[in-house]
Amino acid sequence: MNRHEFLRSLHRVYRPRNYLEIGVNDGRSLALSRVPSVAVDPAFRVVTDISCDVHLVRATSDDFFARKDPLLHLRNGRNPFRALARRDPLNLLGADPKLELSFIDGMHLFEYALRDFMNVERHSRWTSVIVLDDMLPRDVDEAARDRHTKFWTGDVYKVAQVLRRYRPDLLVVEVDTEPTGVVAVFGADPDNTVLKDAYDTIVEEYVVPDPQNVPDEVLVRKNAVRPEALLGAGFWPALARARNLRRSRSAFAPLRRSIEAVTV
Ligand SMILES: C[S@@+](CC[C@H](N)C(=O)[O-])C[C@H]1O[C@@H](n2cnc3c(N)ncnc32)[C@H](O)[C@@H]1O
């Protein structure tokens with residue numbers, strides 16, 4: 001299954017009510033969305049029919065997230081009660097839209113993708129699904145920071161290593177999609193500052209010159225699940241329902257076990 005077929009099926013099984021895309025290019029992944037969307041790319045050239053209500057932003061993801069109210073487009077209409085909304089932790093007024101499905105496919109360098117994840121997580125909650133593309137390079141050349149191949153993953157695969165090491169509270173699932181694999185992250189916690197606090201240390205350790213030392217288990221996709229197995233798992237309706245119930249993060253534990261069951 002290729003990454004676009006995976007994304008299409010993810011929209012079908014998870015039924016997100018909004019979508020964020022970082023890295024749009026010609027619009028082929030954005031074309032799969034049918035829900036209010038925000039899509040960010042400094043150099044998009046969309047040539048595909050788009051079927052969603054989209055705010056297309058010509059900017060780098062860093063500049064986009066530095067804006068005052070980046071997800072304005074996803075808010076439930078203009079809210080006249082802004083001051084009140086700030087004291088609305090359950091977001092009952094819909095003033096702080098939480099991302100439901102995000103696809104990170106922008107700049108293919110580790111530190112950029114890590115920042116994209118951190119920024120996306122700040123606008124997500126534990127019921128959100130965050131997908132990162134190009135996480136399973138097939139060889140060391142493809143994983144080079146200095147691009148010299150047709151298919152290019154860069155060294156973004158390291159984001160999964162960092163999340164597992166620094167954020168064991170997240171569930172990081174490698175998915176065996178063609179051509180270069182994706183990772184789905186569950187259990188986002190917008191209040192967690194571990195990555196922000198350790199960002200400089202992480203970059204210092206993980207950003208190294210080519211050639212990259214890609215672990216064998218990444219190259220042979222040792223821990224990657226079949227996309228069909230993940231998409232066909234039974235937890236999706238419960239995850240989607242939990243969005244509406246606004247349950248606290250403690251409700252993630254039983255769902256986490258169901259998702260993990262697919263990965264063994
Ligand atoms: C692999 S393409 C995206 C493909 C698209 N998601 C799809 O599946 O059809 C990567 C895109 O990321 C964009 N990009 C590069 N640097 C970026 C940045 N800092 N922020 C956001 N997008 C960026 C590039 O302009 C390029 O169009």
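Which residue in β5 does Ile104 stand opposite? Ile104 faces Leu132 there. This is a predicted model, in which local features need pLDDT of at least 70, side-chain atom pairs count only at pLDDT 80 or more, and totals for chains, interfaces and linings use all residues. Residues are numbered from 1 along each chain as its sequence is written.

**View 1. Strands β4 and β5 run parallel.** Here, 4 bridges join β4 (residues 101-104) to β5 (residues 129-133). Strands (E, at least two residues) and helices (H or I, at least four) are DSSP runs, numbered from the N terminus.

**View 2. An open sheet has 7 strands.** Follow the order β3-β2-β1-β4-β5-β7-β6, with mixed pairing. At the edges, β3 (54-57) and β6 (171-175) each pair on one side only. Strands pair if DSSP finds at least two bridges between them.

**View 3. Helix α5 packs with helix α6.** The angle between α5 (residues 158-166) and α6 (residues 194-206) is about 130°, and their axes are 12 Å apart. That makes the two helices oblique, the word for angles that are not under 35 degrees (roughly parallel), over 145 (roughly antiparallel) or 65 to 115 (roughly perpendicular). Axes are lines fitted to C-alpha atoms, for helices over the stretch in contact, and angles run from 0 to 180 degrees between N-to-C directions. Lys158, Val162 and Tyr166 in α5 meet residues of α6, including Leu195 and Ile202; contact means that C-beta atoms, placed from the backbone, lie within 7 Å.

How values were computed. Contact = placed C-beta atoms within 7 Å.
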